[in-house]
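Please have a look at the model first, and then read on for the main points.

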Amino acid sequence: MSAPSDNVPIPAPAVRSKPLVIRHLPYFIGAAILVALAAGLRFDGYILNILLQATTFSIAVFGLSVVLGLCGQINLAQAAFFGLGAYAVGIGTTDLHLSFWLCLVGGCAIALLAGAFLGMSTLRLGGHYLAMVTISFQQIVTLVMINAIWLTRGPDGVPNIRRPELFQTSQSYLAFCVAMLAIVGYLVWHLSDTKLGRAMRAVRDNELAAGVNGIDVFRTKIYAFALCALLGGLAGGLFAGGFAYVSPDQFSFAESIVFLTMSLLGGVASPIGSAIGTGLLILIPEWLRFLKSVPGLYLAIYGLFVILIIRFMPDGIWGFVADAFNRWRAHTKAPPVAAALQLKPATVGGEYVLEVTGLSKHFGGLKAVDGVDIAVRRGGVHALIGPNGSGKTTTLNVLSGLYEATSGKIVLDGTDITHMPPHQRTAAGLGRTFQNIRLFRSMTALENVEIGAERPGNTMIGKGEDALTERAMEALNFVGLGNRANELISSFSYGHQRLIEIARALAANPTLLLLDEPAAGLNSTEKLELHELLKRIAAQGLTILIIDHDMTLVSEAAQHITVLNFGRRIADGESMAVLRHPDVVSAYLGSE
Amino acid sequence: MDLVLQLLFTGIGIGAVYALVALGFVLIFRATNVVNFAQGEFSMVAAYLMVVFAVDLGWPYWLSFLIALGGMALLGVIFNLGVYYPLRHRTFLPVIIATIGASILLSNSVLAIYGPQPQVLQGWFDTPGIQLGPVYLDSQYLLIIAVTIALVFFNYWFFEKTLLGKKLQATSQDKEMASLLGISVSTMIMITFIYSAVLGGLAGILVAPVLFVSIQMGSTIALKAFAATIIGGFGDVAGAIIGGLALGVIETFGAAYISVPYKDGFAFLVLVAFLIFRPQGIFGERVAEKA
């Protein structure tokens, strides 16, 4: 096959591969100007305190934009992590006479470890567990701050906290904090376009789909949570140095809620939104000082804000602005050009790509799958059919690791995958689509397919972002949607969403592709196109295991059919012979 | 040994309160798949209503009690309409955040109105308690335990034997199917919120004479109740009750033998231990969503 990339005009890739540092230069220039302003302008003490507070709080709220915005996990203890960093600097530089830098790093490490521990104990479970556990953790940290007087000096707090030698004046310390803010902001902003950031967004949008696309969901959540805690600790350490005094009430549950409100108000998905929300919620109470004269009143208003923002402005102020901007810009951005898709399924094993023996899945007393054997020959299309409730989708879910097998063995291309979690099976070469489409709905078609292409062990992509984008574009072109690569999933029709899901699986260059009722919900034209697509996939030597109800599609596409009924295999063999098998006929049509 | 018996009684009494609030959690969770983080504030608000009517206005205890429960029913309606219902088609995260917002709104509104000083509410009975052998049985704790037992039976009767209860169960198990059978899903959810607000309020009123009536009582009770639901197995009614009782006992013994200031921390430690070693709880959470 010729490589159409020869025809690509040279400037196009050249624009894309401009070094990141140059593309992002305006950001650094802007940041440098801000730092210079912070260092150079003369502020009075009151303004300086407000700026210092806004800067350090923003860094803590950046943490929430990672964990809540990117990864969709909740953290109601950010003030506790903030407090860990602050007390590390507070106790370290006073009672222990350690260097500020050592204390700052130590505080970050403590927050990181605490975050990782909380995450590991809770993140396997649903989000409501995380919410409650973080609240509990917040309460514990406050209890310790108040009661462990030998360590924290109790409710009196820690005064006379020292700053580093280099930044003794408040003005220079502020400039230092602004520089930290700029660096952390840059990292958080850039994070969402890295592999880890994409994984976090995938987890937020659809955990199951993330898992079967090779993402370790649990680990990704822990990274997000630990990173959030780390940023909380860093912000707290900077805060302690800035204000020279810390006490338990500065790090209470109420402060965690303030952080959350800041993050939601500005826009949870972006660091710019975080900074806007933080600035506003520090300034507004300063302007409306009478609110603070009644205890509880301003927090009550924050609570009301939270409800109203969630209801009417779920993406926050910045989300609202960015959305309008993107809608205007989306039309101007042309998708990159790419070559034809190459599928090179791995060929390490023998004649059979998939060997399933004695596979069972029982739910209590219900034997949904009961001792099924399936052998899928390399390079062919193999269909798994059966009446409703016969155990087809359960079989597929056991194969892709969403259910643990009750008994039996699954060997993929010579590797025993029976006890692997979904993402490891994907790494071993399994790809799949879902009957009820599971795309990452907040992302573009291209980003969805990129996540597929990022499968660990995909030998078909080179190093770097450009190679990834190219591979994803190839897959989208293959299903005929390359020209719409930069559109959001919600703008595609149902049939096209199916094609994107197939493209996502193909971009990963799997050894075996599982298709779960790909024709369901398609009209007759779309079914014909699907059939053509399956032929083109099979022509490249990729093995397919397909479940479908459409007998025309199955009988034309598949060379080999396995039939299930009531969880047991009732027929297996060459297509035409199986479809005429009397047991199969009676299973579908009933017997006399 | 006498001390052990005494602590056991106190622990069960306080655990019964956790169990009542946990029950409210479980009911809402089963009906809406959402954890209501303002459940504890229901208890706090009801306790303050009692303070307003029975203490400040000096109205009869039973009348104040009825008014307070009526107020909770109303709060349940407002809560559903203002917080849950507009978000019912969104994912669980926005709903959780909204209920947290509601919890902050409720507790701080009460703080703004009533100030931070804890209030005192008398118990239902004039007799402080009875001496039974070596154990002193506080009358309020006896009442709490009795009400909890009565409510367990009432719940069983209500959900298993009445048509309304069965409709509520049907709604919580499959909303689409329930609506196809002519059950008004939104009415059922409304009833669930009213019932769990009243239940939470009842717990608050019962526990108020034992603790002080304070702004923090809601979140403290809610945390324990939530820990109780996890220990018992999320979404399981029997689990919530057993978990609540177990937590009350553990906490009381922990405070007596280990440390008083960290009393509220034991629930968290037990919770984390369960999350690590037996996250499905004693009775097991129902299977999560799959493809």
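In helix 13 of chain A, 13 of the 14 residues are buried, so this helix is largely enclosed by the rest of the structure. Buried here means that 20 or more other C-beta atoms lie within 10 Å of a residue's own, while 12 or fewer makes a residue exposed and values in between make it partly exposed, with C-beta atoms placed from the backbone. Helices (H or I, at least four residues) and strands (E, at least two) are DSSP runs, numbered from the N terminus.

This is a predicted model, in which local features need pLDDT of at least 70 and side-chain atom pairs count only at pLDDT 80 or more, whereas totals for chains, interfaces and linings use all residues. Residues are numbered from 1 along each chain as its sequence is written, and chains are lettered from A and ligands numbered from 1 in the order in which they are written.

- Helix 13 covers residues 253-266 of chain A and reaches 20 Å from its first C-alpha to its last, close to the 20 Å expected at 1.5 Å a residue. The expected span is 1.5 Å times one less than the number of residues in the helix.
- Gly267(A) follows helix 13 of chain A and has a positive phi, near 125°.
- Helix 14 of chain A (residues 271-287) has 17 residues, which should span 24 Å at 1.5 Å a residue, and the 24 Å between its end C-alpha atoms agrees.
- Among the buried residues of helix 14 of chain A are Pro271(A), Gly273(A), Ile276(A) and Leu281(A).

**The four-stranded sheet of chain A**

- Four strands of chain A form an open sheet in the order 2-1-4-5, with antiparallel pairing. Strand 2 (366-377) and strand 5 (415-416) of chain A each have a single partner strand, so one side of each is left without a neighbour in the sheet.
- Pairing requires that DSSP finds at least two bridges between two strands.
- Strand 1 (residues 352-363) and strand 4 (residues 407-412) of chain A run antiparallel and are joined by five bridges. Ser360(A) has Ser407(A) as its bridge partner in strand 4 of chain A, and Val356(A) stands opposite Ile410(A) in that strand.
- Two bridges link strand 4 and strand 5 of chain A in the antiparallel sense, and the bridge partner of Val411(A) in strand 5 of chain A is Asp416(A).
- Strand 4 and strand 5 of chain A form a hairpin with two residues between them, and Asp413(A) in the turn has a positive phi of about 50°.
- Helix 18 of chain A (residues 392-399) lies across strand 1, strand 2 and strand 4 of chain A, at about 70° to strand 2 of chain A. Axes are lines fitted to C-alpha atoms, for helices over the stretch in contact, and angles run from 0 to 180 degrees between N-to-C directions.

**The six-stranded sheet of chain A**

- A second topic is the open sheet of six strands in the order 6-7-8-3-9-10 of chain A, where the pairing is mixed. Strand 6 (430-432) and strand 10 (568-574) of chain A are its edge strands, and each pairs on one side only.
- Strand 9 (residues 560-565) and strand 10 of chain A pair in the antiparallel sense over six bridges, with Asn565(A) standing opposite Arg568(A) in strand 10 of chain A.

**Domains of chain A**

- Chain A is divided into domain 1 (21-252) and domain 2 (352-589), with bounds that come from an automatic or database domain assignment.
- The C-alpha centres of domain 1 and domain 2 of chain A lie 43 Å apart.
- Across the two domains of chain A, 14 residues of domain 1 are in contact with 22 residues of domain 2. Contact means that the C-beta atoms of two residues, placed from the backbone, lie within 7 Å.
- Helix 10 of chain A gives the most to the side of domain 1 of chain A that touches domain 2 of chain A, with five residues.

**Chain B and its interface**

- Chain B has 11 helices and two strands, and 50% of its 291 residues count as buried.
- A compact globule of 291 residues would have a radius of gyration near 19 Å, and the 19 Å of chain B agrees. This radius is taken over C-alpha atoms, and the globule rule is 2.2 Å times the number of residues to the power 0.38.
- 37 residues of chain B are in contact with 38 residues of chain A. Helix 4 of chain B gives the most to the side of chain B that touches chain A, with 15 residues.
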